[in-house]
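Please report on the side-chain contacts in this structure, covering aromatic rings, salt bridges and charges placed over rings.

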Amino acid sequence: MRIEAAVTRSPTDPMTIEEIELEEPRPNEVLVRIVGTGVCHTDMVMKGQGLPTPQPVVLGHEGSGVVERVGQEVTNVEVGDHVTMSFNSCGRCPSCTDDAPSYCYAFFPLNFLGARIDGSTPLSKGEEVIHGNIFGQSSFATHAICNQRNVVKVDKDVDLYLLGPLGCGILTGAGAVFNSLAVKEKSTVAVFGTGAVGLSAIMAAKVAGARAIIAVDLNAERLTLATQLGATHTINPSESDIGESLQKICQGGVDFAIDTTANMTVMNAAVANLAPRGSCGLIGATAPGVEINIDINHLMGGGRKIQGIVEGGADPAQLIPELVSLYKHGKFPFDKLISFYDFKDINQAFADAASGAAIKPVLRIGTI
């Protein structure tokens, strides 16, 4: 079928909305008419070739939409269902069979290399191959072919335009709190970086019942929003020392630290200010080969832990409906992070995400 898609043809040129061809779904695949899709920092990294994603390619991996067709093997969704699309996974490796699909052994090729696991792509333009299947979707388009494993049915009584970012950025921050770190009631949490991921972690920490939730960022406006969303304290490193400020709030250190910045200085501060038995979750993605220097005695002496976290350690089929339910009950107001853009303004949405003018841009592509 013919669709419209935003095609990335070079790391530096704007994306162009073009008419291209989309294959019919295979037996284990789902055709989704895209309603909206979030713009994620990872999309910007792939476009700029910070990851080896081949071009030309259709990016986009926080889609929401309506199921139009399903392959004969698909059992989890039906035509007409509202769905959010998340990351893809193989379903067969030790991680997937242990309900940990975000640590799928094939996570990188399935999500970043612009093709199905067999090397094929569902997209083309005449004789030209267009790479697709990014995160099992490539949702910067009017329609997408998804794998049944990365579509999650959602309630029809919630605005479908809002729900795409639940598939990646918001899921990552909330999942870090609920799943990977398992933040406890009355514990203390420091969140470094208040973008969409960090603010989602702050909202989740409030739901988890943390007694102190500390937001750390250089952006005063973001810190104000963090307070509105649940932060009990804020630290602006341009005004005060991170370590001294944390120790005044939580003498002895924090129980949980979450870094979303991928900044070496910040990551070291997060680890250095852990309380005994404290855990630090690293979410921010760095360039390959980046290392941090850690005082091993600091880790061993207090039983402290450092954990890498991908996609919040979440199973989207479980966490996304939970987040929707929390939102419906007024406990997870992630809509406050979202700014809407028309599909034709995708390049402006990217620019605003890069500058910080928008926390979580969402493209309105189709109608509900």
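F112 and F135 are both buried. In this predicted model, the two residues form an aromatic pair of the edge-to-face kind, with 5.1 Å from centre to centre and 80° between the planes. F112 belongs to helix α3, while F135 is in the loop between β8 and β9, so the pair ties together parts that are 23 residues apart in sequence.

F135 has a relative accessible area of 2%. The cut-off for buried is under 20%, so F135 falls in that class. F107 counts as buried because its relative accessibility is 11%, which is also under 20%.

The structure holds 9 aromatic pairs. One of them joins F107 and F135, again edge-to-face, at 6.2 Å centre to centre and with 85° between the planes. This pair links distant parts of the chain, with F107 in helix α3 and F135 in the loop between β8 (128-130) and β9 (143-147), 28 residues apart. F107, F112 and F135 are among the members of one aromatic cluster, which also includes F87 and F108.

**Salt bridges**

How many salt bridges does a search of the whole structure find? The search finds 15.

| Salt bridge | N to O distance |
|---|---|
| E19 and R2 | 3.2 Å |
| E23 and R116 | 3.1 Å |
| K328 and D157 | 3.2 Å |

In the bridge between E19 and R2, the partners come from distant parts of the chain: E19 is in strand β2 (residues 16-22) and R2 is in strand β1 (residues 2-8), 17 residues apart. E19 is partly exposed, with a relative accessible area of 46%. R2 has a relative accessibility of 55%, and because the cut-off for exposed is over 50%, R2 counts as exposed.

E23 lies in the loop between β2 and β3 (29-38), and R116 lies in the loop between α3 (107-112) and β7 (123-125), so the contact ties together parts that are 93 residues apart in sequence. Is R116 buried or exposed? R116 is buried, at a relative accessible area of 9%. E23 counts as partly exposed, at 33% relative accessibility.

The side chains of K328 and D157 also meet in a salt bridge. K328 is in helix α10 (residues 316-328) and D157 is in the loop between β10 (151-153) and α4 (169-180), so this pair links distant parts of the chain, 171 residues apart. K328 is partly exposed, with a relative accessible area of 40%. D157 counts as exposed, at 57% relative accessibility.

Salt bridges can also join into a network in this model: R9, E18, K125 and E128 are linked in this way.

**Charges over rings**

Which rings does R364 lie over? R364 lies over the face of Y161, at 5.0 Å from the ring centre. The charged end of R364 also sits over the ring of F340, 3.9 Å from its centre.

Conventions. Residues are numbered from 1 along each chain as its sequence is written. This is a predicted model: local features need pLDDT of at least 70, side-chain atom pairs count only at pLDDT 80 or more; totals for chains, interfaces and linings use all residues. Side-chain values use heavy atoms; hydrogens and water are left out. A salt bridge is a side-chain nitrogen of Lys or Arg within 4 Å of a carboxyl oxygen of Asp or Glu. Helices (H or I, at least four residues) and strands (E, at least two) are DSSP runs, numbered from the N terminus. Buried means under 20% relative accessible area, exposed over 50%, partly exposed in between (1.4 Å probe, protein chains only). Rings of Phe, Tyr and Trp (its six-membered ring) pair if their centres lie within 6.5 Å; planes under 30 degrees apart count as stacked, over 60 as edge-to-face and the rest as tilted. A charge sits over a ring if NZ of Lys or CZ of Arg is within 6 Å of the ring centre and within 35 degrees of the ring normal.
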